Amino acid sequence: MRSDVLIIGAGGAGLVAAINAHTQGAKVKVITKEYPTRSQTCMAQGGINAALGNASQDSVQAHIENTLMSARGIANEDAVRLLCESAPEAVEWLDSIGVCFSRTKDAKIAQRTLGGASAARACYAQDYTGLKILHTLYDRCNALGIEMLNERCLVNLVTKKPQKEDAYIGGATFLNIRSGEVETYEASSVIVATGGYSRIYDKHSTNSTSSTGDGLAAAIRAGARLSDMEFVQFHPTALKGSSILISESARGAGGYLLNSKGERFTNELAPRDEVARAIDMEIQKGENVFLDIRHLGEEFINSELPQERKLAKLYENIDPVYDLIPIKPVAHYTMGGIEVDEDSSTKIKGLYAVGECANHRVHGANRLGGNSLLELVVFGRQAGVNAAKYAKIFDKTIDTDEQTQSDKNLVEEVKKFTNQIDFYEKRAFIGNIFYNNAGISRNDRDLKEALCQIHQIQKELPLMGPKDKTKAYNTNLVEFIEFSNMLELCEIVIVCAINRSESRGAHYRSDIPEQNDVDYKAHTITYKEANLLYADFVE
Amino acid sequence: MRIKIARYVSEASTVKKNIEYDVDLEDATLLELLNEIKTKQDPTLSYSSGCRSSICGSCSMRVNGREVLACAYKVKDGDFVEPMKNSAVIRDLVVDMDRAYEFNAKAKAWQSSIAKTMSLSQESMKINELQSDCILCGSCYSVCPVYAVNEEFLGPFALTRIWRYVSDKREEEPKEKIDTIQTNGVWDCTLCNECTLVCPQGISSKADIEKLRMRSVASGYSDPSFATSFGSSFDGSPSF
């Protein structure tokens, strides 16, 4: 059955888009590979930025300036302005649908300081900000009767390219994880809201195991463009052994970073790229690095950082009230994404993208903490409204037969792959080589070495495949599809990182530590033609 | 360490069976152990997981008959791992949560209208701070004994969600919410408190249901089972 607007992904971005497309009168269908409340958004802890000035003097202009400063010259100022100007209204809307934000003594939404911010700007709900926003959005979708289909993994986007005209979208194909069947959903417009690709770093990432960049890989295969893919944010403080996130709010509240000698070595509240590099340099010197929040006191830790205490006890066997927390920086957020214009529209007509999978050019080379939850509300609304409007005037034919058949064949073929090489081993191997060669600090030689490895693994893909041949709920197959998507993106990330012969924000080249605005104050654009990868710089 | 896992595939000719695995891991979470089995020993083992940090609610299952989050449970030698109850098993440790989650919609677990004011005191916020910590892992739903007698019971997490909205100062029509939970709702709970004991977030749906009962009484409702027995003694028929 055809819908007006098909939304792929049910995290914050997807659900905000769904609510807004529905409000425009569109028939909306949301499809997720998990369940809506299990999406990556639930892991966001720190907060959502808005210059409300509830906790300290603040202004929209300061929010804009902080965001641009952190972006290192490659954010779009108009987009940043829209983001920051819309922020107070976005938070007001979340509050109006029932999000349980923490409060100040005078009954306003509580705010705290995150890195790179000149004021206490992040509205929060203890350290459960993402969880409470996501669940309230889910409840809102239920209130509106929005159809949500669970446990269906995106395979491909369906497009049509009439002669002498631009390509347009007509739906998408999915693997129904439960039944093992390929299903096709037709729609006049499609919004990709599938999240980021941090899991290319495998265990060196704070992200859910679902952040495998499926939407980005499908988008570039369908003819859309990806941009700024080399920019990956490393969160300074993840638990050393498990890569579990310890929120920036721990430092915002006054937590220190210490080396083995017990010395502080950096400004804890600098933007994330700077702090991550400072920690990495200590680690390279052979130091262990710790987060110290003992001086904040048990009462404060229990009320403001309850998750952190629980997770540190579970994974590191230490209690942050009494002990130092061993940490390391790991991949946390991917600034790169599907290239969209000021209307959240991609190069393919009727195809929109929003959230971490999209690049609205608001984060540039380094995202500020608290801006990603904001982005999904502001641009989720824009994408939802625009996709609904496009669907209203859509008058073209949709023919999904060819793509459906091709993807059915694909799933069958993949199951016949020979399994001489274990893809789980390769997944872990890529994670390590990415962390070491394409991580916090990169150089030309290491990147090229990693690229050779990726090309080799791409060649070997038919020698891998799922060992499990069962139809029903085959997670081995799903993980192989995710692995293939990540492998496709790995090549792109490295090619972009090699091409950008400078250091900027999260992309730090130890062989070229200077920022070079003459040649590289530009966005990296990648696309595929006849299965060949192209990369250019555009202003 | 050796653990036993209940395996099940819904496809024809496959029977339910328990399989034992030997894994060389110490001081690990159950999820880390399952990942070890899946990537090194048996890629057919099926389970759900996501965040690894007890916030996405994907990896709830039962160990030795008790609901846990696999990512928050330190696994021990001899543990027996099974899927959750009260939901259809799709495969191995994966259950179909669609029906369970539909109770959120059936209970109308949402704020009935868009609120206007942004002023909410710290005290007002604290009222439902804990309830809004719910991660919908479904542990309470799995342990709830009421489903053995009433499949339409709205259930612990949906009723906690109702209390979360009913108690919220921004809710303008709390009475409507109370109306919705009279049938298959607050009065069907046995107050056994099992839901409280398994909740990874420390939420007590039983306590929330008691608060909703008080609100119901204040709105003029009463326990229907009590009303029936009371009423039946009036018309002279024997009352037991």
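The following exercises, each with a worked solution, concern a predicted model.

Local features here need pLDDT of at least 70, side-chain atom pairs count only at pLDDT 80 or more, and totals for chains, interfaces and linings use all residues. Residues are numbered from 1 along each chain as its sequence is written, while chains are lettered from A and ligands numbered from 1 in the order in which they are written.

**Exercise 1. Strand S13 of chain A**

Determine which side chains of strand S13(A) are buried, and identify the strands that pair with S13(A).

Solution. 
- Step 1. Strand S13(A) covers residues 289-292; strands (E, at least two residues) and helices (H or I, at least four) are DSSP runs numbered from the N terminus.
- Step 2. A residue is buried if 20 or more other C-beta atoms, placed from the backbone, lie within 10 Å of its own.
- Step 3. Two strands pair if DSSP finds at least two bridges between them. Strand S12(A), residues 256-258, pairs with S13(A) in the antiparallel sense over 3 bridges, and Leu257(A) stands opposite Leu291(A).
- Step 4. Strand S14(A), residues 325-334, is also antiparallel to S13(A) and is joined to it by 3 bridges; there, Ile327(A) is the bridge partner of Val289(A).

**Exercise 2. The sheet of chain B**

Give the strand order of the open sheet in chain B and describe the helix that packs on it.

Solution. 
- Step 1. The open sheet has 5 strands in the order S2-S1-S5-S3-S4, with mixed pairing.
- Step 2. Its edge strands are S2(B) (17-22) and S4(B) (66-69), each of which pairs on one side only.
- Step 3. On average, neighbouring strands are turned by 35° against each other, direction ignored. Axes are lines fitted to C-alpha atoms, for helices over the stretch in contact, and angles run from 0 to 180 degrees between N-to-C directions.
- Step 4. Helix H1(B), residues 30-41, packs on this sheet and touches S1, S2, S3, S4 and S5 of chain B; its direction makes about 90° with that of S2(B). Contact between two residues requires C-beta atoms, placed from the backbone, within 7 Å.
- Step 5. Within the sheet, S3(B) (60-63) and S5(B) (80-82) run antiparallel and are joined by 2 bridges, with Val63(B) and Val81(B) as bridge partners.

**Exercise 3. Helices H1 and H4 of chain A**

Describe how H1(A) and H4(A) are arranged.

Solution. 
- Step 1. The axes of H1(A) (residues 12-23) and H4(A) come within 10 Å and cross at roughly 30°.
- Step 2. The two helices are therefore roughly parallel, a term for angles under 35 degrees.
- Step 3. Among the contact residues are Leu15(A) and Ile19(A) of H1(A), and Leu137(A) and Cys141(A) of H4(A).

Conventions
A residue is buried if 20 or more other C-beta atoms lie within 10 Å of its own, exposed if 12 or fewer, and partly exposed in between; C-beta atoms are placed from the backbone. Angles under 35 degrees count as roughly parallel, over 145 as roughly antiparallel, 65 to 115 as roughly perpendicular and the rest as oblique.
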